[in-house]
Amino acid sequence: MANIDLVQLTEHTKKLTAMIVEDEKVTNELLSSTFKNFFSDVYSCFNGEEALATYNKAKPDVVFVDIIMSGMDGIELSRKIREINPNQIIIVISASNDIEKISESIEIGVNSFVQKPIDTKKIIELLTSVISMITKKRKIETKTFSISLPLDLYDLVNDNAKAESISKNAVIIRALRGFYE
């Protein structure tokens with residue numbers, strides 16, 4: 001962990017979007033401003049209802065959520081997001097020591113739980129973990145195409161697949177031709 005290349009880490013995270021769900025204004029602003037240094041877009045929400053609406057519109061790559069919030073709490077929000085997208089990366093950032101809440105978040109299948117306060121080292125470890133999760137997820141998706149692609153080429157294929165409504169194999173062939181020309 002000591003030799004983390006922040007430039008390389010940022011190159012990977014800048015291709016991603018994130019959503020912060022935190023009801024405390026100062027903490028929300030701090031997390032949002034910190035993560036804006038790493039992600040291409042950061043959506044900031046102050047409650048579960050607002051977050052669910054934003055999630056449905058923005059479809060962020062990573063969701064950072066606090067557990068304890070008024071109205072819809074982070075557990076319920078995570079559950080609803082899981083119903084929409086079972087593969088969504090959800091990371092709980094909370095000061096809660098409530099074992100029941102922590103157990104419930106694990107039961108829902110959140111990807112990680114980080115205890116507040118968060119320092120720089122925790123953020124770097126967290127982002128490294130996020131990149132690892134996304135790389136693993138993309139390798140699994142890539143295997144469904146029966147080939148293995150480098151991460152940058154995967155992004156090209158993925159972008160092409162979103163932009164055009166042609167078969168996956170045609171997208172891969174077109175991307176490979178462009179990559180090797």
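This is a chat about the fold of one predicted chain and some of its residues.

Student: What kind of model is this, and how are residues numbered?
Tutor: It is a predicted model, in which local features need pLDDT of at least 70, side-chain atom pairs count only at pLDDT 80 or more, and totals for chains, interfaces and linings use all residues. Residues are numbered from 1 along each chain as its sequence is written, and side-chain values use heavy atoms, with hydrogens and water left out.

Student: How many helices and strands are there?
Tutor: The chain has eight helices and five strands. Both are DSSP runs numbered from the N terminus: helices are H or I with at least four residues, strands are E with at least two. In sequence order the pattern reads α-β-α-β-α-β-α-β-α-β-α-α-α.

Student: How much of the chain is buried?
Tutor: Of the 181 residues, 40% are buried. Buried means under 20% relative accessible area, exposed means over 50%, and partly exposed is in between, with a 1.4 Å probe and protein chains only.

Student: In what order do the strands sit in the sheet?
Tutor: The order is S2-S1-S3-S4-S5, in an open sheet with parallel pairing. The edges are S2 (41-45) and S5 (112-115), each of which pairs on one side only. From one strand to the next the twist averages 20°. Two strands count as paired if DSSP finds at least two bridges between them.

Student: Which helix packs on it, and at what angle to S2?
Tutor: Helix H2 (residues 25-35) packs on the sheet and touches S1, S2, S3 and S4. Its direction makes about 170° with that of S2. Such angles run from 0 to 180 degrees between N-to-C directions, using axes fitted to C-alpha atoms, for helices over the stretch in contact.

Student: How many bridges join S4 to S5?
Tutor: Four bridges join them, and the two strands run parallel. Ile91 has Ser112 of S5 as its bridge partner. S3 and S4 also pair in the parallel sense over four bridges, with Val62 partnered by Ile89 in S4.

Student: Which side chains of S5 are buried?
Tutor: Ser112 and Val114, which point to one face.

Student: New topic. Which residues of H4 are buried?
Tutor: In H4, residues 74-84, the buried ones are Gly74, Ile75, Leu77, Ser78, Ile81 and Arg82. Seen down the axis of H4, they fall within an arc of 160°, so they line one face of the helix. The arc is taken from the directions from the helix axis to the C-beta atoms.

Student: What covers them?
Tutor: The cover includes strands S1 (17-21), S3 (62-65) and S4 (89-94), and helices H3 (48-58) and H5 (99-108).

Student: Which residue caps the N-terminal end of H4?
Tutor: Asp73 does, with a side-chain oxygen 3.2 Å from the backbone nitrogen of Ile75.

Student: And Glu22, is that buried or exposed?
Tutor: Glu22 is buried, with a relative accessible area of 1%. It lies in the loop between S1 and H2. Leaving aside neighbours within four places in sequence, its contacts (heavy atoms within 4.5 Å) are Thr27, Asn28, Cys45, Phe46, Asp66, Met69 and Lys116.

Student: What does the side chain of Asn28 reach?
Tutor: It reaches the backbone oxygen of Glu22 at 2.9 Å. Asn28 lies in helix H2 and is buried, at 1% relative accessible area.

Student: Which peptide bond is cis?
Tutor: The one from Lys116 to Pro117, with omega near -5°. Pro117 is in the loop between S5 and helix H6 (120-143). Most residues other than glycine have a negative phi, and most peptide bonds are trans.

Student: Where is Lys59, and what is its phi?
Tutor: Lys59 is in the loop between H3 and S3. Its phi is near 45°, a positive value in a residue other than glycine. Lys59 counts as partly exposed, at 45% relative accessibility.

Student: Last one. What does Ser40 touch?
Tutor: Not counting residues up to four places away in sequence, Ser40 touches Thr13, Lys14, Lys15, Leu16 and Thr17. The C-alpha atoms of Ser40 and Thr13 are separated by 7.5 Å, and the two residues are 27 apart along the chain. Ser40 is found in the loop between H2 and S2.

Key
A polar contact is a pair of N or O atoms within 3.5 Å; within protein, one must be able to donate a hydrogen and the other to accept it, and residues adjacent in sequence count only if both atoms are side-chain atoms.
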